Amino acid sequence: MQFYCESLTEYKRLKTREVMIGDLLLGNFHPIRVQTMTTTDTMDTMGTVEQSIRCIEAGAELIRITAPSKREAENLLNIKNELRKRGYTTPLVADIHFTPNAAEIAARIVEKVRVNPGNYVDKKKFEIIEYSDAEYQEEIDRIRERFTPLVKICKEYGTTMRIGTNHGSLSDRIMSRYGDTPIGMVESAMEFLRIARVENYHQVVLSMKSSNPQVMVHAYRLLVKTMFNEFGECYPLHLGVTEAGDGEDGRIKSAVGTGTLLEDGLGDTVRVSLTEDPELEIPVCKDLVKRYEHREPAVISREPIPPVEKLTYDPFSYRRRETFAVDNIGGKHVPVVIADLSRIGNIAPQHLQSAGYTYNKAMDKWKISDAAADYIFIGHQKLDFELPGTLKLIVYPATWQEAADKKNYFPVFSAKGFNEAEVVSTKMNFVMIDCFNDDTSINDFTDLDYFLTARDQSVRNNSIICLSSTNKDAMPAVRRMYIELMNRNIKNPVINIVDSNWQTADEHLIHYATEAGALLLEGMGDGICLGMTGEAYTAQGKRNASGRNYLNNETVEQFINNTAFSILQATRTRISKTEYISCPSCGRTLFDLQETTARIREVTNHLKGVKIAIMGCIVNGPGEMADADFGYVGSGPGKITLYRGKEVVKRNVNNKVAVEELVNLLKESEVWIEPSEVKIS
Ligand code: SF4
C-alpha cells in the first residue's frame with residue numbers, strides 16, 4: 001500500500017476483507033455495490049416493501065431501513081417476509097442509533113445492522129469533559145460491555161455489521177479528546193472495530209460520513225492507513241457524503257467526496273444521500289461506479305505514469321498549493337472559473353448570459369451574478385461589443401496578436417508554441433500542458449520542460465499553467481504533474497481543464513465533480529475550465545436514467561458554468577451561493593423533507609455563503625450544526641427546533657410557521673438580505 005491506497009498514479013482497488021451479506025459478497029475486489037435507504041415509516045410494512053421493491057428494481061443491491069426502537073426492529077421480520085414472498089432476496093440492513101436493544105433484535109432478522117459508534121452507547125449531552133486516561137479506559141470498557149452482546153449475536157446469526165461513523169454525531173468523549181476531526185472519526189470506529197476483532201468477528205464494513213466532502217475524504221484515507229498500520233489489513237469501505245441535498249448540488253457534493261475516494265481505488269459499496277426519493281439515488285450511484293468498470297490498462301504506446309516516490313502534500317488535511325498571483329489568478333485569490341464559449345459562433349451580448357452576465361439594453365448595464373465566470377475562452381473570435389467590467393477573454397495566439405485590446409485579451413499557447421513563440425503577452429499567458437496523454441508517446445515531462453525553457457523567467461512569471469489529460473487515469477495523471485511542479489518548486493498558478501465525453505447530465509456532473517473536485521480537495525487548482533468533447537456537445541439533450549435533462553432550461557454552456565461554481569462550493573474553495581445540508585430523510589423523519597427543503601430554498605437561495613441544515617430528526621441534527629450556520633430540525637411530530645450554530649434558539653415551533661420563523665431568525669442574526677437588494681449591476 002502507498003500512503004493510503006494501492007497506487008496514486010493508476011487505478012487499483014484497495015484489497016479489503018471479504019464479507020458476506022446474505023448472498024451478496026462485498027469487499028475483496030467484488031464489484032462495488034450500490035445501495036439506498038427507505039424513507040417510509042418502518043411500521044408501515046406495505047409502504048416499506050413497495051418502496052424497497054422500487055429501489056431493487058432500480059438496481060439497489062442492499063436496502064437499509066431504520067429501526068429506531070424495538071417495535072420497528074421487530075417489524076423488519078414482516079417486511080423481510082413480504083419481500084421474500086414476492087421473490088426479492090436483496091439483503092436488508094437495519095439502521096440503528098441510540099438503541100442497542102433494537103440492534104440485538106434486528107441482528108437476528110436482517111442480513112446486516114448499521115451501528116453509529118457515536119451514539120450506540122454514549123448519550124450525547126454536548127458536554128466537554130476532561131477525561132483522564134483511566135477514565136477514558138473506563139468508558140471503553142463500558143462500550144465493550146454494551147457492544148459485545150451485539151457482536152456475539154451477529155456471529156451466531158451470520159449477520160454483517162457496519163460501523164458507521166458520522167461526523168455530525170461523534171460522542172462527547174471523542175469530541176473532548178479529538179474534536180470533530182477526521183482523527184476523531186477514525187478513532188470512534190476503531191474503538192468498536194477493536195472490540196469486534198477481540199471477539200474474532202470480522203464481518204465488518206466501515207464508513208466515515210460527513211456532509212463536508214473534505215472531512216470525509218480525509219477521514220476515509222486516515223481510516224485505511226490506521227487499519228493497515230494496526231491490523232495489516234483493511235475492512236471493506238461503505239462510501240457516502242451525508243446530507244448532500246438534492247438536484248445538481250447533491251450529485252456534485254456526493255461525487256466530489258465519493259468520486260475522489262473511488263479514483264484512488266477506495267470503496268466497496270456506495271450510497272448517495274439525496275433529499276429525493278430513494279430509488280433516484282441508484283442511477284447516481286451507478287454513474288459513480290461505472291467509471292471504474294473499464295479501467296484496465298489500455299493498449300498505449302507510452303510508459304506508465306511515473307510513480308510517486310515522495311508526497312509533496314498532506315493527503316490527510318487540506319492545504320492549498322502555494323502559488324504566486326498572476327492578475328486575479330493564484331496567490332490568495334479564490335479559484336477562477338473559465339467558461340468555454342468557443343463553440344458559439346458570432347458571440348453577442350446575450351450569449352454571455354450562460355456565463356453569468358446579463359445585458360440590460362434599456363439601462364445599458366450588465367448584471368453580474370454571483371456565479372459569473374471570470375474569463376471566457378472564445379477561440380478565434382474577437383468581440384465587437386463592450387465587455388462587463390470584470391470579464392476577460394482568452395483567445396488563440398494569432399487572434400490575440402490581431403486584437404487591438406490587449407487589456408482584456410490574453411493568449412493561450414501550447415507548451416511547445418509558448419516555447420517557440422516570437423511574441424507573448426507581457427501581462428498574462430495561458431500555457432497548456434498535457435499530462436501523460438494516452439494517445440501520444442509522451443511519457444515524461446516534455447511539455448513541462450518546454451515551458452521551463454521558454455523565454456526568460458520574467459515572462460514565465462506572467463504565465464498560468466493549464467493542466468489537462470486524456471489519460472484513462474486523468475485525475476491521477478494531472479495530480480502527478482502537480483507533484484512534479486511542487487518537486488521543482490514551480491509556483492505558477494494552475495487551471496484544471498476537465499473535458500467530458502459522457503452523455504447525460506448526471507454523467508457529466510459526476511465526471512466534472514470527480515475529476516476537478518478531487519484535485520481541488522488536494523489543494524491543487526487556482527481555477528477550473530470545464531468542457532465537452534465534440535461528440536458529447538452534440539448529444540447534449542440526452543436524458544439520464546432518472547429523466548433529468550439539463551437542456552430543459554439551460555444551454556450547455558450555462559449548465560457547465562453552474563456546475564463549475566457548484567464544484568468550487570462543494571470543495572469549499574469558493575462560495576457563491578447558499579449552502580444546504582439536507583438529510584435524505586428516513587423512517588425517523590418528522591416532516592416532509594423534500595417539500596420543506598424546496599420551501600426553505602425558495603426563500604433563502606439569495607443568501608450567499610449562509611449554510612442551512614435541514615434535518616428530519618435529532619440523530620445528526622445538533623452535530624451537523626457544527627458545519628452549519630442555522631439549523632431546521634424535526635423535534636417531534638409537526639414540531640421544529642431552530643438552531644443558530646449549535647445553540648437552540650426556538651424550540652418546538654409549529655411546522656406550519658417554522659419557515660417564517662427561520663426567516664425571522666436569519667433577520668435577527670443579521671444575515672438576512674431582501675432578495676431585491678441582492679442584484680448587482
Ligand atoms: S437526520 Fe434524516 S436521515 Fe438521518 S436519521 Fe434523522 S431523519 Fe433519518
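Residues are numbered from 1 along each chain as its sequence is written, and side-chain values use heavy atoms, with hydrogens and water left out. Because the model is predicted, local features need pLDDT of at least 70 and side-chain atom pairs count only at pLDDT 80 or more, while totals for chains, interfaces and linings use all residues.

**Helix packing**

Two packed helices are described by the angle between their axes and the distance between the axes. Helices (H or I, at least four residues) and strands (E, at least two) are DSSP runs, numbered from the N terminus. Axes are lines fitted to C-alpha atoms, for helices over the stretch in contact, and angles run from 0 to 180 degrees between N-to-C directions.

| Helix pair | Angle between axes | Distance between axes |
|---|---|---|
| H8 (residues 247-263) and H17 (residues 556-570) | roughly 55 degrees | within 9 Å |
| H4 (residues 133-157) and H6 (residues 182-198) | roughly 55 degrees | within 10 Å |
| H18 (residues 593-604) and H20 (residues 658-668) | about 35 degrees | 10 Å |

H4 is oblique to H6; angles under 35 degrees count as roughly parallel, over 145 as roughly antiparallel, 65 to 115 as roughly perpendicular and the rest as oblique. The crossing of H4 and H6 is right-handed, a term used if the near helix is turned clockwise from the far one by less than a right angle, with anticlockwise giving left-handed. On H4, the contact (heavy atoms within 4.5 Å) involves Tyr136, Ile140, Ile143, Arg144, Phe147, Thr148 and Val151, and on H6 it involves Glu191, Phe192, Ile195, Ala196 and Val198. By class, this contact of H4 with H6 holds nine nonpolar, one polar and two charged residues. Here Ala, Val, Leu, Ile, Met, Phe, Trp, Tyr, Cys and Pro count as nonpolar, Asp, Glu, Lys and Arg as charged, and the others, Gly among them, as polar.

H8 and H17 are likewise oblique to each other, and their crossing is right-handed. Asp249, Ile252, Lys253 and Val256 of H8 meet Thr563, Ser566, Ile567 and Ala570 of H17. The contact of H8 with H17 comprises four nonpolar, two polar and two charged residues.

H18 also passes H20 in a right-handed crossing. Arg599, Ile600, Val603 and Thr604 in H18 are in contact with Val659, Leu662, Val663 and Leu666 in H20. Six nonpolar residues, one polar and one charged make up the contact of H18 with H20.

**An enclosed helix**

Eight of the 10 residues of helix H9 (residues 281-290) are buried, so H9 is largely enclosed by the rest of the structure. Buried means under 20% relative accessible area, exposed over 50%, and partly exposed in between (1.4 Å probe, protein chains only). The buried residues of H9 pack against strand E3 (33-37), helix H1 (45-58), H8, strand E10 (269-271) and helix H15 (505-521).

**Individual residues in loops**

Glu111 is placed in the loop between helix H3 (100-106) and strand E6 (112-115), and at 12% relative accessibility Glu111 is buried. Beyond neighbours within four places in sequence, Glu111 has contacts that include Lys80, Arg84 and Thr159.

Most residues other than glycine have a negative phi. Asp364, in the loop between strand E12 (357-360) and strand E13 (365-368), has a positive phi near 50 degrees and is exposed at 55%. Arg572, in the loop between H17 and strand E21 (579-582), has a positive phi near 60 degrees.

**Around the ligand**

Of the nine residues around the ligand (a heavy atom within 4 Å), Cys583, Cys586, Arg588, Thr589 and Cys617 come nearest. The shell divides into four nonpolar, four polar and one charged.
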